[in-house]
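Hi everyone, thanks for coming.

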Amino acid sequence: MYFNWLRRDPESVADPTDGRLQSPVHCTRIGRIDHVNSDRASAMYASLSDVSRRVAAGDGDSPFSLANDDAYAAWRARKLELRRSLEATRALDLGADGKLAAADLAAAARQVDAFGFVLFEGDGRLDKAAFLALNRQLGLERLDANPGADTDRVTSLTRVDDEDPRAQYVPYTNRALNWHTDGYYNDSARAIRAFALYCVQPAARGGGNFLFDHEYLYLQIRDRAPDLLRALMRPDLMRVPANVQNGRVVRAEETGPVFAIDGDGGGLQMRYTSRPRNIVWKRDRQSTLALGLVRELLMAGDGLVELRLRRGQGLVCSNLLHGREAYADDPAQPPRLVFRARYLDPVRPGVEPPAERD
Ligand SMILES: [Fe+2]
């Protein structure tokens, strides 16, 4: 399936969640996802689950370790087969209670394994409690708190008034957000492993999301230049200076890699932002080449998925790379409103979430 060219308004300002307004960026990309017409997914899923279970056991056999060529080759083959067998934009139906049927949890797991996210939709409108209950079905319990969140730790993403302190952060405006992963400025103990979105009210125009499975990006880099993955996994690659406002440290400086193997389960984590300001990249030749390849692959768009959530649709994802188009509300209609919840837990459909630890 080929997607239309994504054209973002050059006057729009792109900046990740933590960021303040910055200079304009022009982005034009094309994306392709492998189309579906096979029912081999079930068999392949069993194999991929075997790998996932080994990774979850933390036995040091992560396919994302550069030392594990055999495990990587097996994971890669199964990942690609799943991607060929499934459709990224398949939306799973929610029941009248706003939840997924138990029988659909395996399908949700397959979607996440293949594409890094699963889409869902229902006829009714979920309130925030129902949204959180749905996410718990997918193994998500431990919510991250961010300053703009509501008291229940769900963030209501909508355009706020200029007087609102959140107006300095792009997610609370109608402007575009360029490629990033959520919480890239968090320390590893507070790594965002998943987030969920739910569309209460779409914008009159624009507001679509673009997604790129970071596991698939890793795969493309490992195929082309495994040495550059070493550079992307160095712990001093990316430095995010402290966020200081009015002499107060809102967030401490943080340094880390782009790709990391999760010490709690062996999955792949990614931290990234395409913002040019308030970020300091290591500047040696390998780092520069590696970051250039990341940008090149994002521009090439093989694996990019474009979505425009309709009212009653949402997604749960493994904190993959994502962004948002600029949007415009209709003054005669309610403004765009999307619920967002960020989690310290990984997506594990059907797995009982761990008890709250913080
Ligand atoms: Fe985000």
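Two housekeeping points. Residues are numbered from 1 along each chain, following the sequence as written. Please keep in mind that this is a predicted model, where local features need pLDDT of at least 70, side-chain atom pairs count only at pLDDT 80 or more, and totals for chains, interfaces and linings use all residues.

Let's start with helix 7, residues 285–300. Helices here are DSSP runs of H or I with at least four residues, strands are E runs of at least two, and both are numbered from the N terminus. The expected span of a helix is 1.5 Å times one less than its number of residues. For the 16 residues of helix 7 that gives 22 Å, and the end C-alpha atoms are 22 Å apart, so the two agree.

Which residues of helix 7 are buried? They include Ala 290, Leu 291, Val 294 and Leu 298. By buried I mean that 20 or more other C-beta atoms lie within 10 Å of the residue's own; exposed means 12 or fewer, partly exposed is in between, and C-beta atoms are placed from the backbone. Looking down the axis, the buried residues of helix 7 fall within an arc of 95°, so they line one face; that arc is taken from the directions from the helix axis to the C-beta atoms. On the other side of helix 7, Arg 285, Gly 292 and Glu 296 are exposed.

Arg 239 stands opposite Val 280 in strand 16.

Finally, the core. A nonpolar core is a set of buried Ala, Val, Leu, Ile, Met, Phe, Trp, Tyr and Cys residues joined through C-beta atoms within 7 Å. The largest one has 73 residues, and Phe 117, Tyr 198, Val 316 and Ala 341 have the most contacts inside it. Strand 7 (residues 194–201) gives the most to this core, with 7 residues.

Strand 7 also pairs with strand 21 in the antiparallel sense, over 7 bridges, and Ala 196 stands opposite Ala 341 in strand 21. In strand 21 (residues 337–343), 6 of the 7 residues are buried.

Technical notes. Two strands pair if DSSP finds at least two bridges between them.
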